[in-house]
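Thanks for coming, everyone. Let me bring the structure up, and then we will walk through it piece by piece.

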Amino acid sequence: MQYWILRHSLCYFAGLACALGTIQAAEPPVPPPTDQEATDQEASDQETARLQLQLKQLIAQLSEQIQQTPGESALYSRRGDAFFFKGDFKAAVADYNKMIELNPAISASHWRRGIACLYAKQYQEAAKQFEIYHSFDNVDRENGIWRFFSQYKAKGPEAAQAGLLKYEKDDREPFPDLYRMFQGKTTPEAVLKNIETADIDAGERNKRYFYAYLYIGLNESLHGQQERARLFLKKSVANEWGPTAGFGPNYMWHTGRLELQLLTQPGRNPEVNPEK
């Protein structure tokens, strides 16, 4: 993870605080890190520590504000995001649940709650949230991918594949291609090749690469291909567009960053049906 990437994130949180976003293959042998890689990792660890401190301070500030105005759902939204970015997934779910309690009208559209539930290992609840979202937006294949992840964790790969949501309307690129990848109709290499050869400007290409690397990496991680997952997730996290593009993409950039961190934990293996 490059130094400047986490700087983007730190700036984002400073502004928020003041003002109150598969191919399965055998894993190759991992070569020992070079001196440069070791230096980059040290810098990354330092920046991650700084980000964690920034988030801790933001959570404390928002908690004080919530004590003063406990009925303000926007404060729970911001604190829920901060908890998620910090890796405290159950606390994020709790704040997102409180948002819905205060404002039931947002229940169907609350995709962040679904992602937080998945990372909090509440897989069936995550799947339910993405199913509800589909009734709110039946075009967004990104939501269908997250439901697939949730179903995979809750019920296993066959049920997840059989339960892929159906889409008939056009969606933003590269999600039609990515969704075909999850359906088994194309490959990660073909998805990336289509982005490379598309008649689009550099900014649009960068955006499509961000999402493609993210979801290919998340899928490789789901299937236990940790080295391949790291390869793709590093490219997504290093993408210049993600952390600066606004609310939704910024949230997804943090999701990729967190998945990459989780992949460094010893003994990380795919979990299926942990709730049973």
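Start with a rule for angles: under 35 degrees counts as roughly parallel, over 145 as roughly antiparallel, 65 to 115 as roughly perpendicular, and the rest as oblique.

Some ground rules. This is a predicted model, where local features need pLDDT of at least 70 and side-chain atom pairs count only at pLDDT 80 or more, while totals for chains, interfaces and linings use all residues. Residues are numbered from 1 along each chain as its sequence is written, and side-chain values use heavy atoms, with hydrogens and water left out.

Now the overall picture. The protein chain has 13 helices and 0 strands. Helices here are DSSP runs of H or I with at least four residues, strands are runs of E with at least two, and both are numbered from the N terminus. Of the 276 residues in the chain, 47% are buried. Buried means under 20% relative accessible area, exposed means over 50%, and partly exposed is in between, using a 1.4 Å probe and protein chains only.

First pair: H11 and H12. H11 covers residues 202-222, and H12 covers residues 226-237. Their axes come within 7 Å and cross at roughly 155°. Axes are lines fitted to C-alpha atoms, for helices over the stretch in contact, and angles run from 0 to 180 degrees between N-to-C directions. H11 and H12 are therefore roughly antiparallel. Their crossing is left-handed. That term applies when the near helix is turned anticlockwise from the far one by less than a right angle; clockwise makes it right-handed.

Who meets whom? On the H11 side, the residues include Phe-210, Tyr-213, Leu-214 and Ile-216. On the H12 side, they include Arg-228, Ala-229, Phe-232 and Leu-233. Contact means heavy atoms within 4.5 Å. The residues of this H11 and H12 contact divide into 8 nonpolar, 3 polar and 3 charged.

H5 is residues 111-119, and H13 is residues 247-262. They pack at an angle of about 5°, with axes 12 Å apart. H5 and H13 are therefore roughly parallel. H5 brings Trp-111, Arg-112, Ile-115 and Tyr-119 to the contact. Among the H13 partners are Phe-247, Tyr-251, Met-252 and Leu-262. This contact between H5 and H13 divides into 7 nonpolar, 2 polar and 2 charged residues.

Stay on H13. Its 16 residues reach 23 Å from first C-alpha to last, close to the 22 Å expected at 1.5 Å a residue. The expected span is 1.5 Å times one less than the number of residues. How many of the 16 residues of H13 are buried? The count is 13, so H13 is largely enclosed by the rest of the structure.

Ala-245 is partly exposed, at 32% relative accessible area. The C-alpha atoms of Ala-245 and Lys-207 are separated by 9.0 Å, though the two residues are 38 apart along the chain.

Next, H3, residues 73-86. Its end C-alpha atoms are 20 Å apart, which agrees with the 20 Å its 14 residues should span. In H3, 10 of the 14 residues are buried, so the helix is largely enclosed by the rest of the structure. Among the buried ones are Arg-79, Asp-81, Phe-83, Phe-84 and Phe-85. Just after H3, Gly-87 takes a positive phi of about 95°.

Now some single residues. Ser-150 is in H7, residues 141-155. Buried or exposed, this Ser-150? Buried, at 0% relative accessibility. Beyond its neighbours within four places in sequence, Ser-150 contacts Leu-118, Tyr-123, Ala-126, Ala-127 and Phe-130.

Lys-121 lies in the loop between H5 and H6. Its phi is positive, about 65°, although Lys-121 is not a glycine. Lys-121 is partly exposed, with a relative accessible area of 43%.

Last stop: the peptide bond between Glu-173 and Pro-174 is cis, with omega about 10°. Pro-174 lies in the loop between H8 and H9.

Terms used. Ala, Val, Leu, Ile, Met, Phe, Trp, Tyr, Cys and Pro count as nonpolar, Asp, Glu, Lys and Arg as charged, and the others, Gly among them, as polar.
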